[in-house]
Amino acid sequence: MSRTTYNRALEILDDVCIGCSHCMKVCPTEALRVSAGKAVIHADWCIDCGECYRICPNRAIRVMDDDFKQIYNYKYRVLLVPSVFFAQFEDSVPREKIYQIIGELGFTEVCAVEQSVDSLTDEVNEYVKNAQKPVISSFCPAVIRLIQVRFPSLVDHIMQLLPPIEITAQYYKNKFAKAGIPDGELGIFYLTPCIAKIAAVKSPVGGYTSPINGVINMDFFFNKVYLAYKQRLPVSGNISINGELSSKGILYPTTGGESANVEGRTLAIDGMSNVIDFLEILENEEIDGVDFLELRACDQSCAGGILSHRNRFLTAESMKKYAATAPDYHKLTLDYQRYTSAVIHMDRIEPRSMVKYDRDIDAALQKMERARELRELFPGIDCGACGAPSCEALAEDIVKGQSEINACIFLRTLYEKRGELPLEEAIKIMERIWGRTRFDKRF
Amino acid sequence: MNLEYKVEGGDFTSAGLASSQIKKILKQLNVDPAVIKRVVIALYEAEVNIVAHAYRGVIKAQIDGGGINLTLEDEGPGIPDVEMAMTPGFSTASKAVREMGFGAGMGLPNISENADDFKIDTIVGQGTTLRIGIKFR
Ligand SMILES: Nc1ncnc2c1ncn2[C@@H]1O[C@H](COP(=O)(O)OP(=O)(O)OP(=O)(O)O)[C@@H](O)[C@H]1O
Ligand code: SF4
Ligand code: SF4
Ligand SMILES: [Mg+2]
């Protein structure tokens, strides 16, 4: 077990974590437990959705973004900004001003990341025509990882075309290379609204290596920009701004913004539990005739990303307002054709099986049967006092040797009542789960 | 491992419960997703047939390292001509059932296609028992 998520996008800070178990209750893959008074991540099961970060009341979970100072390792510093960033500000803050401030904060060029959407959409339609239906969007990395871990039979439905961010990054890489700028002098950075995108850049799936050099936390960066704005930081205007964006591009990260461009019967589903519900029925093959599925882990899609601080509905509204003022196509489409292909293909995405009980099926069956018997003993309240998210999860942990029957406070109380378990033993068990000093408090 | 589920005739909104539960178990056992898909399709069709055509039934599943054996035993009208019922496209489904999206006459052929072993025993006026076997490897 480790203290970081699978792709090292989040880290639990042991000195801040009080083991309150809020995170454990929301993890869609039950990847979290409380042990010795701290949250612990089963890294193999984590899908980098960030739900644990979102709910943590103690700010004990840290986003493992890149150190901002590293941008100065490069002579040319390009920041790829998602449209959701502008919607973090009240509508009265001019976009031009935001761009200028980004320049003052250290970047030499800033680019709207959804620029590549215009050339991508035709290709997506071509792809969907010929692929196994329904095609599942490759946009949200948390959804891709959810499918890998919980719905392995559906991996072949994931669209094998990379999302816009990677095409925009390629565009910059190739453009600077053609201009004769040495490889090491260009740093491409992505301003991220979520940790799933960090995972996607740092450990991409589908046999691809991202040219993006670093990821900047949008929450952190918003504060920097807003502070500069409030303090009226003087701007020199030295930044080169590439803000070309079509209305399609602006709306792409909002719910329905991607599916709206796909021909045929499409559905747009946002929010982790909605996505899981839908994938369950899709796996049973109960849905016919759907061509394309836009699935996003966050409610209101990226407007509800964990690093988007503003209310998600207001954020989505701002994006729609921005889109209403933008043209249908932007001017750089031809330029994109010159420097990059409209699409980048990726390899088949491999499933990432959860191994609930055992790799060997006979051993797994035995353990599962024992777990089912154990579950009969437990109260079914899913109280979490055992350090596992549910009675079912505790039963699984026990048969794998990772917990014990007496971890259940209901059974323990029963054993104590019968005089079968001494008090000291019961306290020791609680200390193993909730930490050594937890029961020493003086009131 | 042995599992048992009850099915009520006419209760379309609960149909699919057994197949969802068994799917979950097979996923936890790391059975090949392609095999799971076959089990789910076969079981779901058979489950819906009880709901659509019989009065009530019991589904029994027996899982071991080699595969899964499903027995679906119902009380119902039985099938007068099994060979005819097995013909793709043959259906006696009522208009109401067709309006719910069932009744294409593809259920039994689909089960047969996805099963390694498939057997129907039926007595008209009493009921039908389906035996479906699917191997994991
Ligand atoms: N358990 C059953 N009891 C009685 N009759 C049945 C049963 N299962 C199937 N049948 C009969 O066999 C016919 C063919 O079944 P099949 O599952 O292939 O098609 P269907 O149920 O009519 O339509 P679909 O399965 O495509 O929705 C049914 O229309 C029904 O007359
Ligand atoms: S990021 Fe998501 S999957 Fe990973 S531990 Fe947190 S809640 Fe669970
Ligand atoms: S919906 Fe958007 S913000 Fe949320 S996890 Fe997916 S890509 Fe990230
Ligand atoms: Mg049928």
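Two strands count as paired if DSSP finds at least two bridges between them. Helices (H or I, at least four residues) and strands (E, at least two) are DSSP runs, numbered from the N terminus. The model is predicted: local features need pLDDT of at least 70, side-chain atom pairs count only at pLDDT 80 or more, and totals for chains, interfaces and linings use all residues. Residues are numbered from 1 along each chain as its sequence is written, chains are lettered from A and ligands numbered from 1 in the order in which they are written, and side-chain values use heavy atoms, with hydrogens and water left out.

**View 1. A hairpin of β2 and β3 in chain A.** Let us start with two strands: β2 (residues 32-35) and β3 (residues 38-41) of chain A pair in the antiparallel sense, over four bridges. Find A:Ser35, and you will see A:Lys38 of β3(A) opposite. Two residues sit between the strands of this hairpin. A:Ala36 lies in that loop between β2 and β3 of chain A, and its phi is near 50°, a positive value in a residue other than glycine.

**View 2. The surroundings of ligand 2 in chain A.** Here a residue is near a molecule or strand if one of its heavy atoms lies within 4 Å of it. Around ligand 2 you can pick out several cysteines, including A:Cys27, A:Cys46, A:Cys49 and A:Cys52. A:Leu32 and A:Asp48 are also among the surrounding residues. The shell divides into seven nonpolar, two polar and two charged residues. In this count Ala, Val, Leu, Ile, Met, Phe, Trp, Tyr, Cys and Pro are nonpolar, Asp, Glu, Lys and Arg are charged, and the others, Gly among them, are polar.

**View 3. An open sheet of five strands in chain A.** Follow the order β9-β8-β5-β6-β10 across this parallel sheet. The edge strands are β9 (214-217) and β10 (240-242) of chain A, each pairing on one side only. On average, neighbouring strands are turned by 25° against each other, direction ignored. Axes are lines fitted to C-alpha atoms, for helices over the stretch in contact, and angles run from 0 to 180 degrees between N-to-C directions. Strand β8 (residues 186-192) of chain A pairs with β9(A) over four bridges, and A:Thr192 has A:Asn217 as its bridge partner in β9(A). Helix α9 (residues 218-230) of chain A lies across β5 (76-81), β8 and β9 of chain A, at about 65° to β9(A); contact means heavy atoms within 4.5 Å.

**View 4. A parallel sheet of three strands in chain A.** The order is β7-β12-β11. Because β7 (135-136) and β11 (266-270) of chain A each have a single partner strand, one side of each is left without a neighbour in the sheet. Two bridges join β7(A) to β12 (residues 292-296) of chain A, and A:Val135 stands opposite A:Phe292. In the loop between α5 (117-130) and β7 of chain A you will find A:Pro134, and the peptide bond to A:Pro134 from A:Lys133 is cis, with omega near -10°.

**View 5. Ligand 1 and residues of chain B.** Of the 21 residues around ligand 1, those that come nearest include B:His53 and B:Met106. The shell divides into ten nonpolar, nine polar and two charged residues.
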